[in-house]
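Please read it alongside the sequence and the coordinates.

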Amino acid sequence: MKARAFDYRRVASVAEALDAYAACEGEARFLAGGQSLLPALNLRLDAPDLLIDIGRIEALRGITLEGAQLRIGALTRHAETLASELIAAHAPLLTQAAAYMAHPAIRNLGTMGGSLALSDPASELPACMRALGAELEITGRDGTRRVAADDFFLDLFENVIEPGAMLTAVRVPLPAPGTRMRFEEIARRRGDYALVGLAAHLVVTGATVESARLALCSVGPTPMRAPKAEAALVGRPLDAAAIADATAALADDLAPDEDEGFSAAARMQLARVLLGRVLSALMTREHGEMAA
Ligand SMILES: Cc1cc2nc3c(=O)[nH]c(=O)nc-3n(C[C@H](O)[C@H](O)[C@H](O)COP(=O)(O)OP(=O)(O)OC[C@H]3O[C@@H](n4cnc5c(N)ncnc54)[C@H](O)[C@@H]3O)c2cc1C
């Protein structure tokens, strides 16, 4: 199959992109890396009248430190996320997650903004944003607002971006001393979407877990936090007993669906195994400790 005919317009600024969207009388889509949108067009799962190519907008690029946050432009390619020294130093969860995403050819084109705007619950980056407590910057014709990642994802492929508005950047808080973070996933083959993925972010002071943010992919309609498992970790040492309690509590947090070839019980078991594995790795400082 090939895509239905559409108009194409390349824009040079965010304002031009927003104006082009507003002026379109039919359906318009922003085109970033095209790694999800173009397959959807070719399969005729989507058939917009106009593609607005935002890939050359310089203002959507760049990874910078801004106060207590790391700002990552929406057009940051997955390969840039993987290679960035700033991201490795301040948000290594994203470096680890990007290594699991697809294959080099797709990582060379796919973007941070495209992945988050698509809001596929099987994707790695949405779960990372929730675990990191990031903010997402959304720009419309009436200005820019910031939304906490916990409030951004609404349902399967749905989020709070209004039609015609654009994701312009994400802002990740710089890690507090004692922060440990780790991303791992279980997939059939390296590069496949995760059967289950886990982004874990802990702050450990002395021997005590001060805070825990756990976000999983492929176990629900959005990237899922695990509040019961998080609560089982906080206020106590990160030891075998705490890990056993957290993995047991996970059953109260998640209710994955059945799908072809994978029962809900099997997916739940994978999530438990993954949580135990990631937390065990985080018991030792060498794994993910950010600052003394
Ligand atoms: C074979 C294959 C394997 C893959 N494996 C994985 C994987 O393992 N993990 C994973 O996470 N992803 C995977 N992907 C998807 C890939 O990561 C995409 O790059 C990503 O999902 C979308 O990014 P993009 O820049 O290509 O967006 P596009 O395809 O250009 O756009 C996707 C959607 O987001 C909208 N959009 C794009 N940018 C913005 C913006 N700034 N503001 C508002 N809306 C915007 C578009 O209008 C469109 O609706 C895979 C893709 C392929 C083809």
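Helix α5 is followed by alanine 102, whose phi is positive, near 50 degrees. The structure is a predicted model, in which local features need pLDDT of at least 70, side-chain atom pairs count only at pLDDT 80 or more, and totals for chains, interfaces and linings use all residues. Residues are numbered from 1 along each chain as its sequence is written, and side-chain values use heavy atoms, with hydrogens and water left out.

Alanine 102 is found in the loop between α5 and α6 (104–107). Helices (H or I, at least four residues) and strands (E, at least two) are DSSP runs, numbered from the N terminus. Most residues other than glycine have a negative phi. Serine 119 also has a positive phi, near 60 degrees, in a residue other than glycine; serine 119 lies in the loop between α7 (112–118) and α8 (124–132).

The burial classes used below are buried (under 20% relative accessible area), exposed (over 50%) and partly exposed (in between), with a 1.4 Å probe and protein chains only.

| Residue | Relative accessible area | Class |
|---|---|---|
| Alanine 102 | 24% | partly exposed |
| Serine 119 | 2% | buried |
| Alanine 242 | 0% | buried |

The buried residues are Pro92, Leu93, Leu94, Thr95, Ala97, Ala98 and Tyr100. Helix α8 is mostly covered, with 9 of its 9 residues buried.

Alanine 242 sits in helix α11 (residues 240–253). Leaving out residues up to four places away in sequence, alanine 242 touches Ala232, Leu233, Arg236 and Pro237, where contact means heavy atoms within 4.5 Å. The C-alpha atoms of alanine 242 and valine 209 are separated by 10.0 Å, and the two residues are 33 residues apart along the chain.

For residues 1–177, UniProt lists "domain: FAD-binding PCMH-type" in an unreviewed entry; such annotations may be inferred rather than shown by experiment. The span is 34% helix and 26% strand, and its end C-alpha atoms lie 53 Å apart.

The protein chain as a whole has 12 helices and 14 strands. Its radius of gyration is 19 Å, close to the 19 Å that the globule rule gives for 292 residues, so the chain is as compact as a globular protein of that length. That radius is taken over C-alpha atoms, and the rule is 2.2 Å times the number of residues to the power 0.38. The C-alpha atoms fill a box of roughly 60 × 45 × 30 Å along the principal axes. Of the 292 residues, 51% count as buried. Among contacts between residues at least 6 apart in sequence, 62% join residues at least 24 apart.
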